[in-house]
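The following note is meant for a colleague who is new to this structure. Its points are numbered and may be read beside the model.

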Amino acid sequence: MHGLLYGQELHEAGMEVELYFDGAGTQWPNEFSKPDHLLNPLYKQVTKTGIIKGGCGACAGAFEVVEEVQQAGVKLVGSEANSGHLPFAQFMKDGFVPIIL
């Protein structure tokens with residue numbers, strides 16, 4: 001929930017934001033996509049902003065949620081150099097300041 005809220009707040013403040021689901025967090029897009037989920041309205045708002053950029057392909061595989069993440073409309077991202085995980089070093093080289101929740 002906080003990742004969605006903080007991402008939305010930073011975006012609305014005019015900052016460049018990219019939100020990725022990582023680790024056990026790769027299980028959340030499918031849950032948030034369910035109309036009866038408490039956070040579905042917030043998830044839909046944040047999705048409309050375009051700041052959700054993907055989920056870790058390696059982690060989605062480890063948690064066996066690859067299909068669910070893709071069905072929720074979240075692109076799987078990963079670096080071959082990093083065993084399929086998010087390219088964290090590249091994000092920092094690109095000037096992003098990571099916030100991990």
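1. The count of salt bridges, a salt bridge being a side-chain nitrogen of Lys or Arg within 4 Å of a carboxyl oxygen of Asp or Glu, comes to 1. The side chains of Glu31 and Lys34 form this bridge, with an N to O distance of 3.1 Å. Glu31 has a relative accessible area of 28% and is partly exposed; Lys34, at 35%, is partly exposed as well. On this scale, buried means under 20% relative accessible area, exposed over 50%, and partly exposed in between, with a 1.4 Å probe and protein chains only.

2. On the basis of the values: this is a predicted model, in which local features need pLDDT of at least 70 and side-chain atom pairs count only at pLDDT 80 or more, while totals for chains, interfaces and linings use all residues. Residues are numbered from 1 along each chain as its sequence is written, and side-chain values use heavy atoms, with hydrogens and water left out.

3. The largest nonpolar core has 16 residues, and those with the most contacts inside it are Leu4, Phe21, Phe32, Tyr43, Val46, Ile52 and Val74. Strand E1 and helix H3 (40-49) are the elements that give two or more residues to this core, and H3 gives the most, with 3 residues. A nonpolar core is here a set of buried Ala, Val, Leu, Ile, Met, Phe, Trp, Tyr and Cys residues joined through side-chain atoms within 4.5 Å. Helices (H or I, at least four residues) and strands (E, at least two) are DSSP runs, numbered from the N terminus.

4. A second, separate core has 5 residues, including Cys56, Cys59, Leu86 and Phe91. In the loop between E1 and H2 lies Thr26, which is buried at 2% relative accessibility. Beyond its neighbours within four places in sequence, Thr26 is in contact (heavy atoms within 4.5 Å) with Phe21, Cys56, Cys59, Ala60, Phe63, Val65 and Val69.

5. Val74 is in contact with Phe21, Pro29, Tyr43, Ile52, Gly54, Gly55 and Val69. Gln8, found in helix H1, is buried at 13% relative accessibility, and touches Leu42, Gln45, Val46 and Ile51.

6. Which residues lie nearest the centre of the largest pocket? They are Glu18, Leu19, Tyr20, Ile99 and Ile100, out of a lining of 32 residues. The volume of this pocket is about 1000 Å³. Helix H1 (2-12), strand E1 (19-21), helix H2 (28-33) and helix H6 (88-93) each supply at least two lining residues, and the largest share, 6 residues, comes from H1. A pocket is an open set of points on a 1 Å grid over the protein atoms alone, where a 1.4 Å probe fits, with protein on both sides within 12 Å along at least five of seven lines; lining residues have an atom within 4 Å of a point.

7. By class, the pocket lining has 21 nonpolar, 8 polar and 3 charged residues. Ala, Val, Leu, Ile, Met, Phe, Trp, Tyr, Cys and Pro count as nonpolar, Asp, Glu, Lys and Arg as charged, and the others, Gly among them, as polar.

8. Leu101 is placed in the segment after H6 and is exposed, with a relative accessible area of 68%. Leaving out residues up to four places away in sequence, Leu101 touches His2, Gly3 and Tyr6. The C-alpha atoms of Leu101 and Phe21 are separated by 9.9 Å, with the two residues 80 apart along the chain.

Definitions and conventions. Points joined across faces, edges and corners; volume = space filled by probe spheres on them.
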